[in-house]
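Subject: Structure for you to look at

Hello,

Here is the structure I said I would pass on. My notes on it follow below.

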Amino acid sequence: MADVRNVELEIFEIISNGGNAKSTAYEALNEAHEGHFDEADKLIEAAHQELNKAHNTQTTLIQAEINGEKFEKSLLMIHAQDHLMSSISELSLIEQMIKMLKRIHRLENQG
């Protein structure tokens with residue numbers, strides 16, 4: 001059986017990395033609103049790196065369960081999954097918003 005504290009630590013890593021990804025994506029959106037598209041792109045890449053960390057931790061937990069490790073499913077774990085999924089969705093939406101801002105910026109400056 002997996003050590004409960006290790007599982008809880010991994011759950012908190014998912015929450016933390018997912019939250020970092022989401023907040024970094026919103027920073028990128030703010031930069032894009034200011035016309036700082038290079039900085040926005042760098043922040044989006046950083047957000048993806050944070051999401052990858054969260055996803056890798058999630059995958060570790062899933063593989064452990066597949067391999068027969070038993071650990072208690074908790075409200076905290078459900079919260080981590082929910083947090084990760086919302087971060088993925090918001091990052092995807094923010095990327096599309098930045099694309100629109102780039103297009104608007106380009107069209108406004110064609111004149």
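Glutamate 65 is partly exposed, at 40% relative accessible area. Please keep in mind that this is a predicted model. The partner of glutamate 65 in a salt bridge is lysine 73, with 3.6 Å between the closest N and O atoms. Lysine 73 is partly exposed as well, with a relative accessible area of 46%. Both values fall between the 20% and 50% cut-offs, so neither residue counts as buried or as exposed.

The salt bridge count for the model is four.

One joins aspartate 41 and lysine 102, whose closest N and O atoms are 2.8 Å apart. Aspartate 41 sits in helix H2 (residues 37-66) and lysine 102 in helix H3, so this pair ties together parts of the chain separated by 61 residues in sequence. Aspartate 41 has a relative accessibility of 35%, which makes it partly exposed. Lysine 102 is also in the partly exposed class, at 28%.

The other is between the side chains of glutamate 90 and lysine 22, with an N to O distance of 3.5 Å. Here the link runs between helix H3 (residues 75-108), which holds glutamate 90, and helix H1 (residues 4-33), which holds lysine 22; the two residues are 68 apart. Glutamate 90 is partly exposed, with a relative accessible area of 22%. That value is over the 20% limit, so glutamate 90 does not count as buried.

Now the interior. In soluble globular proteins, nonpolar side chains tend to be buried together. The largest nonpolar core in this model has 26 residues, and Ile11 and Ile98 are the members that touch the most others in it. Helices H1, H2 and H3 each give two or more residues to this core.

Leaving out residues up to four places away in sequence, what does isoleucine 11 touch? The contacts are Leu61, Ser74, Leu76, Met77 and Ala80.

Regards

Notes. Residues are numbered from 1 along each chain as its sequence is written. This is a predicted model: local features need pLDDT of at least 70, side-chain atom pairs count only at pLDDT 80 or more; totals for chains, interfaces and linings use all residues. Side-chain values use heavy atoms; hydrogens and water are left out. Helices (H or I, at least four residues) and strands (E, at least two) are DSSP runs, numbered from the N terminus. Buried means under 20% relative accessible area, exposed over 50%, partly exposed in between (1.4 Å probe, protein chains only). A nonpolar core is a set of buried Ala, Val, Leu, Ile, Met, Phe, Trp, Tyr and Cys residues joined through side-chain atoms within 4.5 Å. Contact means heavy atoms within 4.5 Å.
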